[in-house]
Amino acid sequence: MARVHNFSAGPAALPLEVLEQTASELIDYRGCGMSVLEMSHRSAAYQRIYDETEACLRRILSIPDTYQVLFLQGGATLEFAAIPLNLMRRGRAGYVVSGNFAKKAWEEARRYGEAVALASSEDTNFDRIPDLSPVAERAACGDLDYIHICQNNTIFGTMYHELPSTGEVPLVADVSSCFLSMPLDIERYGVVYAGAQKNAGPAGVTVVIVRRDLIEDGPALPICPTYLDWRTQAAKGSMLNTPNTFGIYLCGKVFAWIERTGGLAAMEQRNRAKAELLYSLLDGIDLFFGTAQPASRSIANVTFRTASPELDAAFIAGARERGIEGIAGHRLVGGMRASIYNAVDMASVEALAAYMTEFEENRRTQTRSS
Ligand SMILES: Cc1ncc(COP(=O)(O)O)c(C=O)c1O
């Protein structure tokens, strides 16, 4: 069996044992005589899968009962609309524009009300989390329905190392690319949401964790489509319509794998060790440099480049020959990006690190002899 070192940003590597278990249950799920793919979402067997998936997520993230968990569809992108449609009751919210998806979320919200850009790092092509002092200042004015951040900027390789102070204003966070990479203090947030396809499972499932009072205290905007109304989805147990049954089942397998392998504290430790290995190389090797400012570096997506696009292309091509896949950077940044989510193990990161060292040594030899 030839498995590559998969550094894809999402959909991304899944734990091998999750794939193997899923394969073993594919034709006949635990004596049901059918696959989960063929099972009614209204059946008792499926409801058990759903309930255990939710319960396991609640255990690993320590989600209090005061929060509702939803498994929806449409990706984080559809939640960019759902957030204002559910929460912009007074018509005004604050956004931190720290990257491409943060900007998309902000632009989407502007369709439904006043979305104020409280801080931005666009002037330096999103190479950092911007100074957050304006966030706290504006939050104190008391006129915002919520404040939105994107906690890990997948494309630019930056992440918040401290959350902004938002006082009484609910903090809404797109955690798509850092979800389940580390523990989260759920009570610091009004809403966290994530597309599953990085750390939580396959594409096609969006996890939304929302403080119950935010959906109980008032209705969504009248124009909110029924599907996007979190209160309705909560009342229907995420089954207003046919959910992504197989995707949710697979998420459940990933959650159980996280729990079995030490939970989120252990995940964080491993992820930090993987990131440190790559960042120490970037700081130590002249040929490569990191594109994110050191104080904002992500533990999930490590972005870097050489001095020339041609050399970047040669590095990426050589990587592929060594079974290292998915390291081309996003077109908005260029260069390289190694997404080192939970299922990417240290051995894969060591393989990448060894290749970086080898590439640099070869380059030095070539330069000396020419
Ligand atoms: C941080 C972040 N937010 C939002 C999105 C968009 O997610 P989706 O494709 O699930 O709509 C992505 C996709 O990679 C992302 O990384």
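**A note on the helices and the sheet**

1. Let's start with two helices: α9 and α11 are roughly parallel to each other in this predicted model. Helix α9 covers residues 263–284, and it packs with α11 at an angle of about 5 degrees. An angle under 35 degrees counts as roughly parallel. The axes of α9 and α11 are 10 Å apart.

2. Which residues of α9 and α11 make the contact? From α9 come Ala 273, Lys 274, Leu 277, Leu 278, Leu 281 and Leu 282. From α11 come Met 346, Val 349, Glu 350, Leu 352, Ala 353, Met 356 and Thr 357. Sorted by class, the contact of α9 with α11 has ten nonpolar residues, one polar residue and two charged ones.

3. Now follow α11 to another partner. Helix α10 (residues 309–321) packs with α11 (residues 346–369) at an angle of about 130 degrees, and their axes are 11 Å apart. That angle makes α10 oblique to α11. The crossing of these two helices, α10 and α11, is right-handed.

4. Which residues of α10 meet α11? They are Leu 311, Ala 314, Phe 315, Gly 318 and Ala 319. Facing them in α11 are Leu 352, Tyr 355, Met 356, Phe 359 and Arg 363. By class, the contact of α10 with α11 divides into eight nonpolar residues, one polar and one charged. Look out for Leu 352 and Met 356 as you trace the model: they are listed in the contact of α11 with α9 and also in that of α11 with α10.

5. Next, the sheet. Seven strands form an open sheet, and you can walk across it in the order β2-β10-β9-β8-β5-β3-β4, with mixed pairing. At the edges sit β2 (67–72) and β4 (114–120), each of which pairs on one side only. On average, neighbouring strands of this sheet are turned by 20 degrees against each other, direction ignored. In general, strands of a sheet pair through backbone hydrogen bonds, either parallel or antiparallel.

6. In which sense do β9 and β10 pair, parallel or antiparallel? Their pairing is antiparallel, over five bridges. Within this pair, Val 191 stands opposite Val 210 in β10.

7. Finally, the annotation. An unreviewed UniProt entry lists residues 5–352 as "domain: Aminotransferase class V". In the model, this span is 36% helix and 16% strand, and its end C-alpha atoms lie 8 Å apart.

Note on methods:
Residues numbered from 1 in each chain as written. Predicted model: local features only at pLDDT ≥ 70, side-chain atom pairs only at ≥ 80, totals over all residues. Heavy atoms only, no water. UniProt positions renumbered as here; feature names shortened; annotations may be inferred. Helix = DSSP H or I, 4+ residues; strand = E, 2+ residues; numbered from the N terminus. Pairing = 2+ DSSP bridges. Axes fitted to C-alpha atoms, helices over the stretch in contact; angles between N-to-C directions. Parallel < 35°, antiparallel > 145°, perpendicular 65-115°, else oblique. Left-handed = near helix turned anticlockwise from the far one by under 90°. Contact = heavy atoms within 4.5 Å. Nonpolar A, V, L, I, M, F, W, Y, C, P; charged D, E, K, R; others polar.
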